[in-house]
Amino acid sequence: MALVTLEGVGKTFRGRTGAWEAVRDFSLELAEGEFFCLLGTSGCGKTTVLNMLAGFEAPTAGRILLDGKPVRGPGADRGVVFQGHDSLYDWLTARDNIAFGLRLRGMAKAERRAVADRFLTMVGLTGQGAKHPSELSGGMKQRIQIARALANDPRILLMDEPFGALDAMTRAVLQNELSDIWAKSGKTVLFITHDIEEAVALSTRVGVMKRGPGGTLKAVVPVDLPFPRERTSDGFMQTFRQVHALIHEEIHPHE
Amino acid sequence: MNSRAATIGGYIAGFALLFLIWHLAALYLVRSVLFPSPFPVFERAVVLIEDGLLQEAVIASMRRILQGFLLGSALGIPIGLALGSFRPVRLLLEPWTEFFRFIPAVAMITVAVIWFGIGEESKIFLIAYTTVFVVIIATAAGVGAVGRDKIRAAQCLGASKFQLFALVALPATVPYILTGMRLAMANAFVTIVAAELVASNDGLGKMLWDARLFMQVEDIFVALIALGLLGFATDRAFRLLIRAFAGRFNPTM
Ligand SMILES: Nc1ncnc2c1ncn2[C@@H]1O[C@H](COP(=O)(O)OP(=O)(O)OP(=O)(O)O)[C@@H](O)[C@H]1O
Ligand SMILES: [Mg+2]
């Protein structure tokens, strides 16, 4: 059985400016352990899909299942890494941010400290646990977010353009780290991006979305390349071109 | 030179300059017995301190400010939290806060005296009144300003409604609460003097009033300087407190 099932999911926003159908008839199954990249042009509905799966918003059509059970709201089984870093708690240290979910569950202080330190090391921030978010760089903050989500041991990790605001060099470093973490942890990941190279470098499958209104999954491209990925290899280039062609049609639909 | 020494040095120099200008103005510009130079005022202050009169007045005023301020804050913070957290509470109470905050405490002095007499109660009521609405509004605004992603992150880490409030909304609101209290403290100084001018047996406001009756211009200046210094010191203390809590929160505050 698939870990996550989206069945004909749709979302129509109703507001003062009328109704806007952001997502239409979106269907997808995610298997345990896969790294799925959702790729699409700006405004096609990627964040909307993630928000529905996270339980922040309810779909207006279709249904979403996790382990066969309908998603009703946010929960600890789905960890989210947000695009910005406003989601970190400024009044807590990096370590306490990472341990926040464990604290909610009532884990003893010494124990959660040990877990947090392990995840600090995993994201390459050994010994920096006492710093507050205001003392961390943008890349470090995203590392803390990833560690915070992983430390809570969710069934699936939902990441909304987590590296979108970083410079190219930091992004490449974090992509490699994330790839290693994913390989080691075996977590299922849904990763949103509009960077084709990032998608091909990280994922086992790339889903390309049609642009909105009524954004939907247009094609799914399997990426059968060994890890670590060689970005200049023929296989990589070939997949890149394939995905690029699919995206290109969305950017220039009338050519 | 480190920045703290620079700050303190700046304060000292600033005050010295103020007194110098005052001295020159009294000596060469105004030249009237109604505008004494700093020296007779300082001499008078020493006498008042030796007699224990100045301390008495300061303690009387500050005690009222503190009691009313703590009472007002103790009421304002939970009301503000409820107002910011629950829509029905907001719809119900917002008209109150929007209405009462435009009736200044000074305008309430007459009612306060009629209700509570000229004893401590009326003063504490007035200070609490002037404090409570500022604190409510600042606290509610703070709750409203908690970032959406902070709430969502906690939700998908498994937070209960109570944990969301106690571990996310409340700490995120602390800097706003302290800022509201700081503003309220400034109002409290205005209010206490007005209240003591009108109806009191002691305090700095009473000292000002008596000095006017007996034309003791130096006493007036002593009281004014005492007020300025007290307000300044309290405000600094609050700033330090906000820094200590909020420095890590929000570097712009
Ligand atoms: N709360 C909302 N109310 C009304 N419309 C919304 C709301 N949220 C999103 N939309 C609309 O839905 C569409 C999809 O938005 P979404 O944020 O999912 O796009 P996206 O693919 O994540 O884009 P980007 O790559 O720029 O982040 C957009 O047209 C947006 O205007
Ligand atoms: Mg988005």
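Two strands pair if DSSP finds at least two bridges between them, and strands themselves are DSSP runs of E, at least two residues long, numbered from the N terminus. Keep that in mind, everyone, as we start with chain A.

Before that, a word on what you are looking at. This is a predicted model, where local features need pLDDT of at least 70, side-chain atom pairs count only at pLDDT 80 or more, and totals for chains, interfaces and linings use all residues. Residues are numbered from 1 along each chain as its sequence is written, chains are lettered from A and ligands numbered from 1 in the order in which they are written, and side-chain values use heavy atoms, with hydrogens and water left out.

So, chain A. Here we find an open sheet of six strands with mixed pairing, in the order S6-S7-S8-S3-S9-S10. Which strands are at the edges? They are S6 (78-81) and S10 (217-222) of chain A, each pairing on one side only. From one strand to the next, the twist averages 20°. Helix H8 of chain A, residues 234-251, packs on this sheet and touches strands S3 (35-39), S9 (205-209) and S10. The direction of H8 makes about 175° with that of S10(A); axes are lines fitted to C-alpha atoms, for helices over the stretch in contact, and angles run from 0 to 180 degrees between N-to-C directions.

Now to chain B. Helices are DSSP runs of H or I, at least four residues long. The unreviewed UniProt entry lists residues 12-30, 65-86, 98-118, 124-143 and 213-233 of chain B as "transmembrane region", though such annotations may be inferred rather than shown by experiment. In the model, residues 124-143 of chain B are 100% helix, with end C-alpha atoms 28 Å apart.

Finally, where the chains meet, 23 residues of chain A and 17 residues of chain B take part. Two salt bridges cross this interface, a salt bridge being a side-chain nitrogen of Lys or Arg within 4 Å of a carboxyl oxygen of Asp or Glu. A:Asp90 forms one with B:Lys150, at 3.4 Å between the closest N and O atoms.

Terms used: Contact = heavy atoms within 4.5 Å.
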